[in-house]
Every structure is written in C-alpha cells, then in structure tokens.
Amino acid sequence: MQFCIADTFTDSLARLTGDEQKAVKTTAFDLQLNPANPGMKLHKLDKARDKNFWSVRVSADIRLIVHRAESSLLLCYVDHHDKAYAWAERRKLQTHPKTGAAQLVEIRETVQEIVVPTYVEAPGKKVKTPPTLFDRYSDDDLLSYGVPAEWLDDVRTATEETLFVLADHLPAEAAEALLELATGGKPRVPQPAAATADPFAHPDAQRRFRVMADVEELARALEFPWEKWTVFLHPEQRQLVERDYAGPARVSGSAGTGKTIVALHRAAHLARANPGARVLLTTFSDPLARALQTRLNQLLVSEPRLAERIDVYSLTAIAQRLHKMQVGPVSLANRDAIREMLKVASRAEGNHRFSDHFLLTEWEQVVDAWQLGSWDAYRDVARLGRKTRLPEAQRQVLWSIFEQVRGQLNAEGLMTEAAMFTQLGEAFANGKSAPFDFAVVDEAQDVGIPQMRFLAALGGGRPNALFFAGDLGQRIFQQPFSWKSLGVDIRGRSRNLRVNYRTSHQIRMQADRLLGPSVSDVDGNSEDRTDTISVFNGPPPTIRLHKSENEETETVAAWLCEQTEAGVKPHEIGIFVRSAAQLERAQAAVERAEMASKVLDESGDGEVGFVSISTMHLAKGLEFRAVAVMACDDEVIPLQQRIEAVGDDADLQEVYDTERHLLYVACTRARDHLLVTAVEPASEFLDDLNV
C-alpha cells in the first residue's frame, strides 16, 4: 500500500503543542507499520462527502484525518476532534479531469461566503460594480490551469476585490494561474497526464503530496520541524532542479521566490543522479553557510549517505581548506590591517587628494580584486565598477601607494582573500585535480571577482558543473562585474522564478517599487520582475513619518503590542535599521512595549520570547511574520557618509543602488505585516516605497 503525507497534514501538525505532536507521530508510525491494525481505532466519517475519509484516534481529543483507499493511505489533517471532523466534511480527494493531478478540493457548497465586499447604491449616486476578470476564458482554458470543475462559476464572477478570497479556496496551481492571469501574465499549462498515470506522481501533485518509502524515512523526517520547502517543490522549481545544462546556469527571482530551496534541491539532485560525485554547496558568508547546512540536514534526513557527499562551506572557508591542501597554508590579512597599511603608505607619498575610503575601495575593487601586479596593468585596467575617472598622473600616485602595501604584505607573509582565490584558481587551471564535480552557489549576486574566478576554474567548463541562485535586486556587498569575462557565461541558461511564497501580495508590490520592473547585470542578462505573483494576501504596509525619535518609539511600541495581541509571537517579529548607530532606537521601542529583544549577530539566530533586532546587512536569509523597518531618515538611508566619500558624481548611482537594495532586503523579510518609520525629513526612498 502506498503511504503518503499531504502538506495540509504538515501545516496542521505544526500548530499542535509539543506533546500533541509526539502522540501524532507515534500514531503515524503505527499506521505506516500496519494500517489494518484493529487497535488503531479508525472511524469512518459518515458526514464526509468523500467516503474514503476516516478519523484515527490519537488521544482523548486529537483526531488524525486519513484518506483510505484500496491502494493508498494518505495523512491529510490533524486537529482537535470537532475541527478535524469539520475539515474533512468540507473536502474531497479527487483526480483533476483535465490535468490528471491529485487534488484535495474544498467542496463548494460548504463555503459560506466568497464575495467579501458588498456594494450599496447610495441615494443619488450609482456605485459601479467592479469588472469580472476571467469571464472571457473558456471552461477548457480554466480547467487546463487546474481549476476544479465545481469552482468554474465562482472563477468567472471573480473581481479584483474577491480574487484573493477565492484563491484561498483553490488548489495552489489554480490559484497561482489565476493570479498571473489577473496581472497580465500567461501561465504555463502543464501537459495532461495519461489516463493510467498515478495522480500522485503528477508535478502539481508532488508539490502537496509526498510518498513515504518506509517507516525509517517517516521516522527521520519527523525528527525535524516540518517546513514545506524540505518536502514539496513547485513544478517550475522541479524543472530547474532536474534539468541538464551544457554550461554554467543561474536561477533568479525576487525575494521569497524560493531560490535557496532550488539551490538545496539542486545539490541533492546532482549527488543523487551522479553516484560517487562530490558536490560543493556554498555561499558568500559563514552564517548563510550554516543556515544552508541546517536546511540540507532537514532535506536529506532519509538519505544520510547522500548528505555525506555534499560539502557545505562559505567560499572563504572552502578556499582556505583547498589552498592548504593544493598550494600550502595561508595567513590572511584582515581588512583593518590593510586599511592601516594604506593610510601609512598614503602619508609616506604625501597624498592629500584621495580619502582613506577611496584608497580602500580602489584597492579592494580594482587592484586586489583583479590581482594587478604591475604599473602597466593598473594603468591600462578598465576599472569595471569604478566610475571615478583617473588621469595617468593620479594613477601613478595611487600605484606607488598600492605597491608599498603589496610589499608590506609579502614581507609579513600575509595574503589577501583575493590572492588566495586567484592562486587556487590558477592551480586548478594548471592541472591540479578539482575536489568537487559540481558547485551550487546561493546568494550569487554577492559573489566577488576573485571568488568567481575560482569557481570558473573549479567548474572547468564541464556540463552541470556550476549552478547559481541569486537576485540582482539584493546585491548589497559587491560591485557589478562581468561574469562572462571570467569564463562564466550563463546566457541562454538563466531562468526566473515567478511565484513568491514568503511575502504577501501587498508587501511585495510596494517593495518592488524600490527596484523597478527589471534589473540587469553587466553582461546584459535581465531579470524581469513584472510577472512575479504572491500566493497570499495581507494588509498593506504602513509608512509613518514622525517629528521626533520619541514619537517614532511610541508608534513602533504600539505596533508591537498590536501584533502580539493579534497572536504574533515575539520571536516572529523582526526590527531592522540601517546601521549599528540606529540600534538603540529599535531597542527603545521594544522596551517601551515592555517586551524583550535580542540584537542579532552574524549567526542570525533569534531566541524564543525575544523580538529580533538587526542591521539591514544581516537580514539575508531571515524571515518574520511581522517586520518594522525603523530610522529611515534622510542621511541615514542612503547613508550620508557613503555619499560624502564618493569621489565623482558618476559613482553616486552605485551608492544609491546598493542603498535601495538594502531597504528592499529589509522590507521583504516580512511575511504578513510591514511597518516602515522615519523621523522627518525622511529618506527619499520612502517616496518610491509609498503608494
């Protein structure tokens, strides 16, 4: 008998207490071992429309709803007695007549109300009824998108006001297709399955049902908290994960579209499809690498041997390990030491023109990044990503400074990260055996020039060797540069994810205003954001301007109290500020609300019972049900210090772009609720963010 679990079961299980969850898991194990065991206390639900729904007694009040057929047993839902029965009485499991996918469909007659707004004609004024959205589509069109037949009439009468309410009652593939149609897109229509095909094997079904091979797999899976991404993949995501690529490939998408999910599953797929191969799963920072490792452990709980062949490290950490093995031990110079060397060399050269900030960025982004080893190389370099114009005479002064620093590093036996990556890449290019067959890179938009050169050498031009996941709109650490010039050409192998699972429609729509409809890289690859859709609705973001910091504190404190009264737990709330200088403002608001807070470090680990506070630069990889972005004042974002450090007006655009990206990253950490506050005069970015 085929034993399956549904995403509705995982969702409902997560809402129970710890003790209740343990009891449910024990019952699930017993069902897996022997579904016909008379001690299971199965009870057929007479009032359910689907006669294959049964309840299983877990405890005095907890009931597990299962769908029991001749060849399959599906765990569908778990809750307290009355709620569990009510859920089953409103649903049925069926195979869609057009697509062939298994669907848990809500029975239309059990839904009390679909149309939420009521239009009343005021005296002397005629109220215009909103136009319907889908009445021009045929039944066959709507069925091809996975709309259940009994919901066709409701779909035809849907308006902009009722669409999200309706979408909550439909299978995910139908809801997503309708949302895309409503925003001017054209959904992709899957090929209908053969009449004899397993309805649970359909790509749309696999996003909500998972077949459990044995008790061991179920036991290992239940050791971890349930998260949808660890079990279910969207069909478009699955295609990207399992596709063969002739060269380097990249998956893009706005915040919340599941790029990290795809990266994780891609690493697992490569290891699974290539027995004996080793896979590197990497990203640009240690905290993000630790988060990837945790998620990979959850994903591969039933395949421990597979996990042994996937190494998860930050790029710097893996490069240090490989350099020690392939070239020799390395001592890295830290940034503060290099900054001091540049200051000393600058004073020795009598430099009065170039600021310390300019010297450091010119060193990091040009000289060190491209590993320029001679005056001729520096004189002729195109300085991609650096727009400040430098006549030859000024470059000569700068080169004298940089040459002193290079000499001091050599004398002290120190190496920069860029030099380490470059040496390692040269070793692989010159015949050293690469220890990895494949590399999967998350948050690829913040990978720098030396790291990309290293990855290009690691991939060696082999098919499927390099896979990148990232969002150009979230680039906050690196200058733009040409991947193609370093041997990583993704043209024709770049795809965008379009379905946003994390952020509500309202928050996503407003946050996207910070970036525009599309973003492009130096090589001309464009990421179109206009066809992205969110799968759930929510309240619009709130933007508040204040006369003083005290007034802002009161506003945020009141908002925090509102969230907790509405059932949001403290650890489900995050507060972000631009820099460490504004952390005290966030802490004051939490204290005013009489709540506890924790300022996050690079580990990004929050704590139950505490509101998380963080700078925007540490927001990557985090998400919260409710987010407040505070202190969005003029001269705070964009940061005045960065603007003042610009040596040429042409460099301002890069500063403004990355500052916008920072605010975008912070805002899109929110799932359901977003508050943005500032003390007047406010940041000019709020004019774009506001409706």
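Trainee: In which strand does Ser72 lie?

Mentor: Strands here are DSSP runs of E with at least two residues, and helices are runs of H or I with at least four, both numbered from the N terminus; Ser72 lies in strand β5, residues 72-80. This is a predicted model, in which local features need pLDDT of at least 70 and side-chain atom pairs count only at pLDDT 80 or more, while totals for chains, interfaces and linings use all residues. Residues are numbered from 1 along each chain as its sequence is written, and side-chain values use heavy atoms, with hydrogens and water left out.

Trainee: Is Ser72 buried or exposed?

Mentor: Buried means under 20% relative accessible area, exposed means over 50%, and partly exposed is in between, using a 1.4 Å probe and protein chains only. Ser72 is buried because its relative accessibility is 8%.

Trainee: Which residues is Ser72 in contact with, leaving aside neighbours within four places in sequence?

Mentor: Contact means heavy atoms within 4.5 Å, and, with those neighbours left aside, Ser72 is in contact with Met1, Gln2, His67 and Phe200.

Trainee: Where is Glu180 found, and what is it in contact with?

Mentor: Glu180 is found in helix α7, residues 172-182, and is buried because its relative accessible area is 5%. Leaving aside neighbours within four places in sequence, Glu180 is in contact with Gly185, Lys186, Pro187, Arg498 and Ile533.

Trainee: Why does His352 count as exposed?

Mentor: His352 has a relative accessible area of 80%, so this residue is exposed; its place is in the loop between α16 (335-348) and α17 (356-367).
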